[in-house]
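Me: Could you take a close look at the sheet in this model and walk me through how the strands are arranged and what packs around them? I'd enjoy one connected answer.

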Amino acid sequence: MDISVIIPLYNEEESLPELYKWIERVMQDNGFSYEIIFVNDGSTDHSWDVIEQLKKESEYVHGIKFRRNYGKSPALYCGFEKAQGDVVITMDADLQDSPDEIPELYRMIKLEGYDLVSGYKQKRHDPLSKTLPTKLFNATARRVSGIKNLHDFNCGLKAYRLDVVKNIEVFGEMHRFIPYLAKNAGFDKIGEKVVHHQKRQFGKSKFMGWNRFVNGYLDLMTLWFLGTFGKKPMHVFGFLGTIVFIIGFCAAAFLGIEKAWALYNNIPMRLVTNSPFFYIALTMMMIGTQLFLTGFLGDLISRSSQGRNDYQIEKTI
């Protein structure tokens, strides 16, 4: 199979028939063998009824229905699990991503050898409350991830080699950082394509405002830490704990030696416990020990994490 198209959606019943016909037309015009996987993320409208009807009309349509709303990352994760095409295309269901971009994305993966190609909505049809946080977020993501050539990490329109989606784990809200996840997994040939961004025809955006930037920043820091120290938390916590403990121990030892020297020379001196430096030293030794144990526990947890991607799927067709 040439292409798998994965479409996560939430309350997009109006746009689904037109989107399907558009994708079908592009696939037939280019002679692609394909499948379309709709992932219904707990929609409260009639989106699933539309998907079931499309399935009756076409053998190329598949659907996954969540019992409740989990988010875009879980929807992509489950779609990636089912995908079988040599090239996997992800796109939003709101008709703002153009299926006409699919042939060129496919060519860039198959002929130019990219592992991942991310769309770049150079001209956006979104309000300022969405575009400004996006620009700040992307600037931060480029700096932290080291992927300097991407301008739009969060663009829903992306293309992947099948190996990529089978070897990355998208969880929480990490769909914003799929290029970074791919890079951490060893897929570092990442490209970008300027894509056409259309105005929304139906409904309203489900992702607006500055909270996306704040949450994205926090997720980015988490991903940076996991990518750098996720498999070796002892390297950061153990190192910091050792340094803090040594400083505290040396301070306590200095106070003890100073007291012993004063006693040996019959010099009057206050009790060690009357010095504030004694408690500072003791606190640092305790904090150092706790940091070291945190690194040790982090190592144990990282080796036994389970259930991160347990999602209740009501029906699969």
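**The sheet and its surroundings**

Reply: Happy to. Eight strands make up an open sheet, ordered 7-5-6-4-1-2-3-8, with mixed pairing. Strand 7 (190-194) and strand 8 (313-316) are at the edges with a single partner strand each, so one side of each has no neighbour in the sheet. From one strand to the next, the twist averages 20°. Please keep in mind that this is a predicted model.

Let's start with strand 4 (87-90). Strand 4 pairs with strand 1 in the parallel sense, over four bridges, and Thr90 in strand 4 is the bridge partner of Ile6. With strand 6, strand 4 pairs in the antiparallel sense, again over four bridges. Thr90 turns up here too, with Lys158 of strand 6 as its bridge partner. Such pairing in a sheet, whether parallel or antiparallel, goes through backbone hydrogen bonds.

Moving on from there, strand 6 (residues 158-161) is joined to strand 5 (residues 116-120) by three bridges, and these two strands run antiparallel. Tyr160 in strand 6 is the bridge partner of Leu116.

Tyr160 also leads us out to a helix. Six aromatic pairs are counted in the model. In one of them, the ring centres of Phe80 and Tyr160 are 5.5 Å apart and the planes stand at 70°; the pair is edge-to-face because that angle is over 60 degrees. Phe80 belongs to helix 3 and Tyr160 to strand 6, so this pair links distant parts of the chain, 80 residues apart. Phe80 and Tyr160 are both buried. Helix 3 (residues 72-82) is itself mostly covered, with nine of its eleven residues buried, among them Leu76, Tyr77, Cys78 and Phe80.

Tyr34 and Tyr60 are stacked, at 4.5 Å centre to centre and 25° between the planes.

Now for the helices. Helix 4 (residues 102-110) lies across strand 1 (3-9), strand 4, strand 5, strand 6 and strand 7, and runs at about 140° to strand 4. Helix 1 (residues 16-30) and helix 2 (residues 47-57) have axes that come within 10 Å and cross at roughly 35°, in a right-handed crossing. At their contact, Leu16, Pro17 and Tyr20 of helix 1 meet Ser47, Val50, Ile51 and Leu54 of helix 2. Sorted by class, that contact holds six nonpolar residues, one polar residue and no charged residues.

Note on methods
Residues are numbered from 1 along each chain as its sequence is written. This is a predicted model: local features need pLDDT of at least 70, side-chain atom pairs count only at pLDDT 80 or more; totals for chains, interfaces and linings use all residues. Side-chain values use heavy atoms; hydrogens and water are left out. Two strands pair if DSSP finds at least two bridges between them. Axes are lines fitted to C-alpha atoms, for helices over the stretch in contact, and angles run from 0 to 180 degrees between N-to-C directions. Contact means heavy atoms within 4.5 Å. A crossing is left-handed if the near helix is turned anticlockwise from the far one by less than a right angle, and right-handed if clockwise. Ala, Val, Leu, Ile, Met, Phe, Trp, Tyr, Cys and Pro count as nonpolar, Asp, Glu, Lys and Arg as charged, and the others, Gly among them, as polar. Buried means under 20% relative accessible area, exposed over 50%, partly exposed in between (1.4 Å probe, protein chains only). Rings of Phe, Tyr and Trp (its six-membered ring) pair if their centres lie within 6.5 Å; planes under 30 degrees apart count as stacked, over 60 as edge-to-face and the rest as tilted.
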